[in-house]
Amino acid sequence: MKLRIFFLLFIFGIMVSFGQEATVLNTTYRSENEKINSLVHTKLDIKFDFDNRYLLGEAWITLEPHFYNVQNLTLDAKAMLIHKVSRDGKDLKYEYDGNKLKIDLENIYAKGDEYTIYIKYTARPEEVEQEGSAAISDAKGLYFIDHDGSDPDKPTQIWTQGETESSSCWFPTIDSPNQKSTQEIYITVPNKYVTLSNGLLEKQTENKDGTRTDYWTMDQKHAPYLFFMAVGEFSIVKDKWKEIDVDYYVEKEYEPYAMDIFGLTPEMIQFYSDYTGVDYVWPKYAQIVGRDYISGAMENTTAVLHGEMAYQQPGDLIDENTWETVIAHELFHHWFGDLVTTESWSNLTVNESFANYSEYLWLEFKYGEDYADSHLYDEVQGYFNSGSESKELVRFYYETREDMFDAVSYNKGGAVLHMLRNYVGDDAFKAGLKLYLKDNMYGTGEAHKLRIALEEISGKDLNWFFNQWYYGNGHPKLDISYVYSEEAKMVTVKVSQLQENSFEFPLIVEVYEDGAPKVYDVWVTKKEEAFSFKYTKKPKWVNVGASKTLLAEITDHKSKENYIYQYNHGKKYLDRREAIEGMGDNQSDEIAFETLTAALNDPFYGLRILAIDKIDISNTNAKNAIKIIEKLAVNDEKTLVRAAAISKLKMLDDPKYVSIYKQSLLSKSNAVKGSALSALYKIDKEAAMTFVNSITNKEEMEGMKSALIPIYIKDRTEAHMPFVADNLIMGMFFTEDKETQNIYKEGFQWVAPSDNVQATQNLVDSFVQVGKQYAQFGADKMARQVLQQILTLKEESNYANKDVLVEIVKGAQKEMQ
């Protein structure tokens, strides 16, 4: 499951703002679930009661004793009505407490003896009470979206979410990640709907009552939490990898863009097959986009579910497919997570850390090392900012299993794998992954199995690495300083670890005098280290940690001359990024400013954007920099760079750029148009408003909302108040930019006291949605506080529709109870 990084940061912010503890220490040891009975096969026959949001099910569950003889069976079955339990046509005695179904088998079964239990049941997802995933607080397993067709802006859909242990909300099972089962599902739906499930669609049968029964089979074993089912009106866009179907299920309006969003999937399948040395083993690969699914995406075997953020228009996609790494992440789970599954949630790292790192691998392959390093940098910053230093990567003590889905299991784990790959070498790393997958195929994995596989391939002892990075917490916080002795012709590099626990790690040190550097391999083994290196000429740059793979927060005491040399000679993304930031703090120095100006033409677009952001165009030496930015605003091959350059020119308040802004409004890029509109509004409000008022297409408004909403707020455009209200929470909480936050808070102060019924409804709905979905992190408390503020404003008003407004807010408060 992929949680977007801003969700993680937002969650942490909510916890801090509303007094929640970021880390809850728990003394309960979370072991792997004991295997008494083992799942063999699951057969389901499913119909739906849309009015009541029920699933009417029959299940045939085949099991066998794991090792010891058994005469009882316990299944997970949450909030169900159990109508019948039998074996071979004979009713069996059972006890059911609304959560566990305990069955007397009336026979003793030994290892190797298979038996099948029949259960007729009704699943009632709205009655489920359990904590959910990090982004779904009401983990009811089965979700009816607009079940009665009452919402004109939302289609009727059904989808399931099994992780962590919610599949047992819609069928009885042993809901544990260390169980594996084959499956077959009969799904009966109205004829207008299509269905999707794991495996292959073997048969469709038209029924006399206007329904159709689809029969899906999955002949390879996978964990219960990966079982999936979706129902709705979708267009199916067909693709292929070799002879395997690769399908994209999207709503009709997004059918023309499905290939642009998902079309790299076959190439990804080939890449990951080659990289791991294990071909994609499953019979198909389908991806579907579900309404109201906000967990990011979920790796259901052969049937991945994506949230609505996957949907993008051409104006977005020309800038960047922001969902590409999510697509890669969920696909790689089909090796790490689906094929080999974590034995327990404590070892979630063998699922999610690999999926996180797969994003890097794909970006490196497809777009180059700079692009991949940029992505990894953002992931690492997400971990550093998450307040998670006290958490181990393999964690046997946690409050709830959902706590494992955090910046440690994802972001830190991906960075740890990057270090591990660098330490053992690329070939050994790939061979180790292949061995791990082959040895544990269709079974379970954990960190020690990974270590053993990599040790067998590399011949290296890796206990030291796993002990500190997998079973220890935190990361190095280094202070690096330099002492030069001209007399001894020697530079001494001092490395101090400032964190509480001590780490050991290798470092590559490059000493640059002139030309090629001298390269040294050193090991840091204690909290205070000093390494000395001879030189002929005083080094212009000593590059400590030249591989740029160490997961550490580093304070490196360099001079501005070091940063200048570093930018011009650094090979890595992080070399150049660090130099740009260092020169950004030294722009009064003429050479530093010239070098920063040169960085505006860096070969990697992300660093061009960073240089644009850092450079001070009010500097007396900025004439050449401004000329370059002018060219970037018009001609750069990357639209995101053009957008950044336009935003920079906006700071000059110069009317001579109006022609650039107006021309940029004709761009296909939403980023370019948005920046141009904001800049034009500052200089020529009338011309900007003419363009704003010409936008009536909903999709175009949505694509440019980051530029339009601040203008709507400043201009108090009443007709667009509902649109503003629907998006306020994003700008208030889902950004770290203070200026943006202030504008959106101003928008809240405009919308909240208003008499606009639709805007009021949209505003309270957005806070209810976030409050419920992030309840376990304190967002429910935030939502209730905000709703009370809105209610007070409405009650104190003298509007003619006051009663209607008050009723809307009270209805939202009732939902939050």
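User: Does Leu 507 count as buried or exposed?

Analyst: This is a predicted model. Leu 507 sits in strand β25, residues 505–512. Buried means under 20% relative accessible area. Leu 507 has 6% relative accessibility, so the residue counts as buried.

User: Which residues does Leu 507 touch, not counting those up to four places away in sequence?

Analyst: Touching here means heavy atoms within 4.5 Å. Glu 590 is 83 residues along the chain from Leu 507, and their C-alpha atoms are separated by 33 Å. The residues that Leu 507 does touch are Tyr 520, Asp 521, Val 522, Val 524, Val 544, Gly 545 and Leu 550.

User: Is Tyr 605 buried or exposed?

Analyst: Tyr 605 is found in helix α15, which covers residues 605–614. Leaving aside neighbours within four places in sequence, Tyr 605 contacts Glu 320, Tyr 371, Lys 638, Leu 640 and Val 641. The cut-off for buried is under 20% relative accessible area. Tyr 605 has 12%, so this residue is buried.

User: What separates the C-alpha atoms of Tyr 605 and Asp 715?

Analyst: Along the chain, the two residues are 110 residues apart.

User: Which residues touch the most other members of the largest nonpolar core?

Analyst: That core holds 187 residues. Beyond its neighbours within four places in sequence, Leu 677 contacts Leu 665, Ala 688, Phe 691, Val 692, Met 704, Ala 707, Leu 708 and Ile 711. A second, separate core has 64 residues, including Met 1, Leu 105, Leu 196 and Tyr 398. In the largest core, the residues that touch the most other members are Tyr 470 and Leu 677.

User: Where is the cis peptide bond that has omega of about 10 degrees?

Analyst: Look at the loop between β10 (157–160) and β11 (181–190), where Thr 164 lies. Thr 164 is one partner in the bond. The cis bond joins Glu 163 and Thr 164.

User: What is phi of Lys 242?

Analyst: Lys 242 lies in the loop between β16 (235–241) and β17 (244–250). Its phi is positive, in a residue other than glycine. The value is near 55 degrees.

User: What is the relative accessible area of Arg 716?

Analyst: Arg 716 is in the loop between α22 (705–715) and α23 (721–733). Its phi is positive, about 50 degrees, although Arg 716 is not a glycine. Partly exposed lies between the buried cut-off of 20% and the exposed cut-off of 50%. Arg 716 is therefore partly exposed, with a relative accessible area of 38%.

User: How many helices and strands are there, and what is the radius of gyration of the protein?

Analyst: The protein has 27 helices and 29 strands. For 817 residues, the globule rule gives 28 Å. The value for this protein is close to that, so it is as compact as a globular protein of that length. The radius of gyration is 29 Å.

User: What share of the residues counts as buried?

Analyst: The protein exposes about 33000 Å², with 47% supplied by carbon and sulfur atoms. Of the contacts with a separation of 6 or more, 68% come from residues 24 or more positions apart. Of the 817 residues, the buried share is 59%.

User: How many Å apart are the centres of the positive and negative side chains?

Analyst: The C-alpha atoms fill a box of roughly 90 × 75 × 50 Å along the principal axes. There are 88 positive and 127 negative side chains. The centres of the two sets lie apart by 2 Å.

Conventions: Residues are numbered from 1 along each chain as its sequence is written. This is a predicted model: local features need pLDDT of at least 70, side-chain atom pairs count only at pLDDT 80 or more; totals for chains, interfaces and linings use all residues. Side-chain values use heavy atoms; hydrogens and water are left out. Helices (H or I, at least four residues) and strands (E, at least two) are DSSP runs, numbered from the N terminus. The radius of gyration is taken over C-alpha atoms; the globule rule is 2.2 Å times the number of residues to the power 0.38. Buried means under 20% relative accessible area, exposed over 50%, partly exposed in between (1.4 Å probe, protein chains only). Accessible areas come from the Shrake-Rupley method with a 1.4 Å probe; for residues, only the protein chains shown count as cover. Lys and Arg count as positive and Asp and Glu as negative; His and the chain ends are not counted. The place of a charge is taken as NZ of Lys, CZ of Arg, CG of Asp or CD of Glu. A nonpolar core is a set of buried Ala, Val, Leu, Ile, Met, Phe, Trp, Tyr and Cys residues joined through side-chain atoms within 4.5 Å.
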